[in-house]
Amino acid sequence: MPGKWWLVAVLPIGFLLLLFGLKWLKNAIQRYSGLKFLHDEEAIYAANLAQARARGEPVKTDLDTFGVLLSYKSVLLEGLEVAFIVISFGGSGVDGIGLAALGAAAAGLLVIGVGVLVQTPLKQIPENTLKFIVGIMLTTFGTFWSGESFGIIWPFSDLFLLLLAALYLVASALLITAIKQRQSRVSLATATSQATMRSQEKEVRS
């Protein structure tokens, strides 16, 4: 019974992760294939700040309500995942909730510690690369948990997550390559057509 309740609880989480992951992945593919400009939050912030100062508007340095709410919404999703996992594993035995909560707290401290250690190296990674990786991870976990909710038994159990991630990575790389090749063909055809039209115009004038 705990397993069935866990599957039911994981369905909305997996579905939301899949939606968010596909959205991030789509944007990353479009940026890497040239359909969208590369995103640079620091450059955008600097440009908006310069525009505000040029207009004489006061620059706010305190907390932004919308930004706080947006961050809260993102963290809330991760917190719900942890809560569902703790409840599902905690209901499987005596003192299960306590042990599961202790494990969640230890994992939280570990993640915070690792985050503090790797924040400097992560800053060196391009923003779009990080978003691409996050899109792959969200789509992978969303697919895995949504499939489990529908009763799919994945081969190799949790190790299948690595196969899913590799599958999405290869598919994204192939899609980016295909889009770039198509854009090259379109650009070449457009240039050829324009050159042909110019030559025809010259012949008519002569």
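The protein exposes about 15,200 Å², an accessible area that comes from the Shrake-Rupley method with a 1.4 Å probe, where for residues only the protein chains shown count as cover. Carbon and sulfur atoms supply 71% of that surface. This is a predicted model, in which local features need pLDDT of at least 70 and side-chain atom pairs count only at pLDDT 80 or more, while totals for chains, interfaces and linings use all residues. Residues are numbered from 1 along each chain as its sequence is written, and side-chain values use heavy atoms, with hydrogens and water left out.

Next, the fold. The protein has six helices and zero strands, giving the pattern α-α-α-α-α-α along the sequence. Helices here are DSSP runs of H or I with at least four residues, strands are runs of E with at least two, and both are numbered from the N terminus. Of the contacts with a separation of 6 or more, 73% are between residues 24 or more positions apart; contact means heavy atoms within 4.5 Å.

Now the inside. Of the 206 residues, 21% are buried. Buried means under 20% relative accessible area, exposed means over 50%, and partly exposed is in between, with a 1.4 Å probe and protein chains only.

Which residues make up the largest nonpolar core? They are Ile13, Leu17, Leu77, Leu138, Phe144, Trp145, Trp154, Phe160, Leu161 and Leu164. A nonpolar core is a set of buried Ala, Val, Leu, Ile, Met, Phe, Trp, Tyr and Cys residues joined through side-chain atoms within 4.5 Å. H1, helix H5 (127-149) and helix H6 (160-205) each supply at least two residues of this core. Apart from this core lies another, of seven residues, including Leu25, Ala28, Phe132 and Ile136.

Leaving out residues up to four places away in sequence, Phe144 touches Trp154, Ser157, Asp158, Phe160, Leu161 and Leu164. Thr140 is in helix H5. Is Thr140 buried or exposed? Thr140 is buried, because its relative accessible area is 3%. With the sequence neighbours up to four places away left out, Thr140 touches Leu161, Leu164, Ala165 and Tyr168.

Last, the outside. Phe15, Leu16, Leu19, Phe20, Trp24 and Val134 form a nonpolar surface patch with about 500 Å² of accessible area together. Patches are made of residues with over 30% relative accessible area and no salt bridge; like charges are joined within 9 Å, and nonpolar side chains (Val, Leu, Ile, Met, Phe, Trp, Tyr) within 5 Å. A salt bridge is a side-chain nitrogen of Lys or Arg within 4 Å of a carboxyl oxygen of Asp or Glu. Helix H1 (residues 2-33) gives the largest share of the patch, five residues. Leu16, in helix H1, is partly exposed, because its relative accessible area is 34%.
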